[in-house]
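Here is a short briefing on one structure. Look at the sequence and the coordinates first, then read on.

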Amino acid sequence: NVPIRTVCCIGAGYVGGPTAAVIALHNPHIRVIVVDRDQKRIDAWKGRHLPIHEPGLEDVVRIARDGGAEWRRRSSVGQARAGAIDGETPDEVVEPRRQPNLFFSTACVETIKEADMCLISVNTPTKKRGVGAGRATDMAAFEGACRDVAMNAKPGCILVEKSTVPCKTGQLMKDIMEAHRPGVVFPVLSNPEFLSEGTAVRDLMQPDRVVIGCESTISGHRAAAALANLYAAWVPRSRIAPINIWSSELCKLAANAMLAQRISSINSISAICERTGADVGEIAKSVGMDPRIGPQFLKAGLGFGGSCFRKDIASLTYLSESLGLPEVAAYWQQVLTMNNFQRDRFARNVIATLNNSLRGKKITILGYAFKKNTGDARESPALDVIRILLEEGPKSISIFDPLCSESDIKRELSVLEQEFAVCKPEGPVEVLSDPYVACADSNAVLVLTDWDMFKITEQAKPTKPESSADSYDGATPSGLLRITSNLDQVNISKPPTPPRTPKMSPLPADLQSRLLPEAVCPADCTEC
Ligand code: NAD
C-alpha cells in the first residue's frame with residue numbers, strides 16, 4: 001500500500017480544477033493542491049467567482065476548499081448497492097463539518113516537493129508550427145510540467161497523465177525522469193479524463209468508467225492501486241478499470257474519434273437529405289433505435305466543436321502516419337473533413353438565403369460557445385461560420401453569448417484580425433451583452449449554440465426550417481440552429497438583459513440531495 005497524503009494537480013484548467021475538487025471532496029483526509037503558472041487563474045480559483053463555469057462546481061469547491069459545510073454522501077453500503085443495482089436509492093450519511101483540503105497555488109516547485117502523487121493536467125493543444133503543424137500534439141506544456149516534476153518530486157512520487165496525450169507518452173515521461181534523476185523510481189500511470197464541459201461535475205461524480213493504465217511491474221501495480229483507492233471513495237470498484245498503460249493512452253483518443261465519427265456520419269447523411277427531401281431527424285431516430293447503434297451522437301448539426309475532438313483526431317491521424325499507417329490516418333482525417341464541410345455548407349446556406357450577398361447586411365450570432373452551459377470559447381464552430389460570412393463583406397456581425405466573455409471571443413477571433421480587422425473598435429464584428437440589442441435591425445439571426453434561452457417557441461416555428469444544426473463536444477447533443485430573416489421566429493427568453501455571469505443551472509436532483517448548502521455571496525463581497 002502506497003500511502004497518499006498530498007496530491008498535487010498541475011494545471012488549473014477545465015480538467016485540473018474540477019477533477020482536483022471532486023477528488024478532494026471525496027477524500028477529506030488528503031490534501032489536494034492545484035498549481036498553475038497563471039496567477040490570474042489561481043486567484044480566480046481562490047476567489048468567489050471561479051474561472052470556469054460548470055453546473056455544480058461552486059458547491060463542490062466551496063465544501064472542499066472552504067470546509068465547514070455539511071454535505072450528504074452515499075454510505076459505502078449504499079454506494080456498493082447503487083453500483084450493483086441500477087436506480088436503487090442509496091443509503092446516505094451526513095458528513096460532519098470538515099477542514100478545508102483543497103488549495104490553489106502558483107508555488108509549483110514547493111508543492112511538487114511535498115506531493116506523494118502528481119496529476120498532470122496541463123494543456124496539450126495541436127502544434128501550430130514546425131514538424132506536424134496542424135495535427136501533431138504540442139507537448140511543450142506537458143514536457144515543462146514533467147521537467148518540473150523530475151527536478152523536484154520526492155523519490156517514489158506517483159506521476160499521473162491526466163492530459164490527453166499521444167500513445168507512448170508514458171515512455172517520454174520515464175525518459176525525462178531518468179535524464180534528471182537517474183536510478184530513482186517514479187511510477188507512471190495514465191488516467192485519461194472523459195468529462196465533457198458543461199457536465200463536468202456530473203461526469204466526475206458518476207463516471208461510466210475510470211481507466212487507470214499502469215506498467216506491469218510491482219511498483220506500477222502498487223501505484224495503480226493507490227490511485228484506484230482515491231477514486232474508490234466514491235466510484236464503485238466495478239467501474240475502475242486497471243489496464244495496460246499504452247491501451248489507456250490510446251483509449252482516450254479512440255473514444256473521442258469514435259464519438260466524433262458518429263457525428264460526421266450523420267452529418268454526411270444530412271447533406272444527402274437536403275438534396276433528396278429525406279428528413280435527417282427521422283433517419284437519426286430510426287437508425288438510433290437499433291440497439292446495436294443507439295441514439296446518442298446522431299443528431300445532424302453544425303458539427304462538433306470544443307477543445308478536444310478536433311485536436312484528438314488530428315493527433316490520432318498524425319500518430320497513425322508516424323507509425324507508417326497512412327490508410328488509417330486517411331480514414332480518421334475524413335471525420336475532420338466532413339466536420340469542416342458541414343460548417344462550410346451551413347454558412348453557404350446562410351449566404352444563399354440572403355440572395356447571395358451580404359453587402360450592407362447585418363448578421364446576428366446568438367451563442368458563440370461550442371455548446372450550452374460552458375463559457376469556453378475555444379474551437380467553436382462559430383469561428384468558421386464567421387470567417388466565411390466575413391468574406392462576403394457584411395455591414396456587421398453582432399455576437400451575443402450568455403457566458404463567453406468578450407475578451408475570450410475576441411481572442412479566438414484574433415486569427416481573423418489580419419484579413420478582416422475584427423478586433424478593431426470600428427471593425428465589422430461586435431460582441432454585445434444584450435441579445436435584443438444584438439438582434440436589432442438584423443437581416444439574419446443565426447443560433448449557433450443550443451442555449452435554452454434561444455429555444456424557438458412552438459408558435460414561432462417556421463413551417464419548414466431552412467436549415468438546422470446542433471452543437472456538440474462529446475456530450476448529449478440537443479438544440480436547434482435556424483437561419484431566419486424574420487426576427488419574430490426567434491424567441492429569446494427573459495430576462496432581456498442576462499447577466500454576463502448568469503447563475504448556473506442547478507445540479508441534477510440526485511446530486512443536489514448529496515450536496516446541501518447554497519452558495520450565497522456575502523453582502524460585503526468585493527468581487528461582485
Ligand atoms: P486548460 O488550457 O483549460 O488548462 C491547462 C492549464 O495548465 C492552464 O491553466 C495552464 O496555465 C496550465 N499549465 C500549463 N503548463 C503548466 C506548467 N508547466 N505548470 C503549471 N501549470 C501549467 O486545459 P484543459 O481544457 O483543462 O485540458 C487539459 C488536458 O485535459 C488537455 O490535455 C485536454 O486535452 C484534456 N481534456 C480536456 C477536456 C475538456 O473538456 N477541456 C476533457 C478531457 C480531457
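Over which residues does pLDDT stay under 50? This is residues 80-90, for which the model has 12 contacts beyond four places in sequence. Two residues are in contact if their C-beta atoms, placed from the backbone, lie within 7 Å.

This is a predicted model: local features need pLDDT of at least 70, side-chain atom pairs count only at pLDDT 80 or more, and totals for chains, interfaces and linings use all residues. Residues are numbered from 1 along each chain as its sequence is written.

**Confidence**
- The predictor's confidence in each residue, pLDDT, runs from 0 to 100.
- The protein averages a pLDDT of 86, and 81% of the residues score at least 70.
- Residues 493-523 also have pLDDT below 50. That stretch has 39 contacts in the model beyond near neighbours in sequence.
- Where pLDDT is low, the predicted coordinates should not be read in detail.
- The model scores are ipTM 0.99 and pTM 0.85.

**Domains**
- Domain 1 covers 6-70 + 98-235, and domain 2 covers 280-489. The bounds come from an automatic or database domain assignment.
- The C-alpha centres of the two domains lie 31 Å apart.
- Domain 1 puts 17 residues into the contact, and domain 2 puts in 19 residues.
- On the side of domain 1 that touches domain 2, six residues are nonpolar, nine polar and two charged.
- Ala, Val, Leu, Ile, Met, Phe, Trp, Tyr, Cys and Pro count as nonpolar; Asp, Glu, Lys and Arg count as charged; the others, Gly among them, count as polar.

**Ligand shell**
- The ligand is surrounded by 28 residues. The closest are Gly11, Gly13, Asn123, Ser163 and Thr164.
- A residue is near a molecule if its C-beta atom, placed from the backbone, lies within 6 Å of it.
- Helix α6 (residues 140-152) gives the most to this shell, with four residues. Helices are DSSP runs (H or I, at least four residues) and strands are too (E, at least two), numbered from the N terminus.
- The shell has 11 nonpolar, 10 polar and seven charged residues.

**First UniProt site list**
- The unreviewed UniProt entry lists Asp36, Arg41, Thr124, Thr164, Glu197, Lys311 and Arg378 under "binding site". UniProt positions use the numbering used here, feature names are shortened, and annotations may be inferred rather than shown by experiment.
- These residues span 343 residues in sequence, and the farthest two C-alpha atoms are 23.3 Å apart, so they do not all gather at one spot.
- Arg41 lies in helix α2 (residues 39-46). Arg41 is buried, with 21 other C-beta atoms within 10 Å.
- A residue is buried if 20 or more other C-beta atoms lie within 10 Å of its own, exposed if 12 or fewer, and partly exposed in between, with C-beta atoms placed from the backbone.
- Beyond four places in sequence, Arg41 touches Ala12, Asp36 and Pro51.
- Arg378 sits in the loop between β11 (362-366) and α14 (381-390). Arg378 is buried, with 22 other C-beta atoms within 10 Å.

- Another "binding site" list in the unreviewed UniProt entry includes Phe194, Leu195, Lys252 and Lys299.
- Leu195 is in the loop between β8 (188-190) and α8 (200-205). Leu195 is buried, with 21 other C-beta atoms within 10 Å.
- Lys299 is in the loop between α11 (280-288) and α12 (309-322). Lys299 is buried, with 27 other C-beta atoms within 10 Å.
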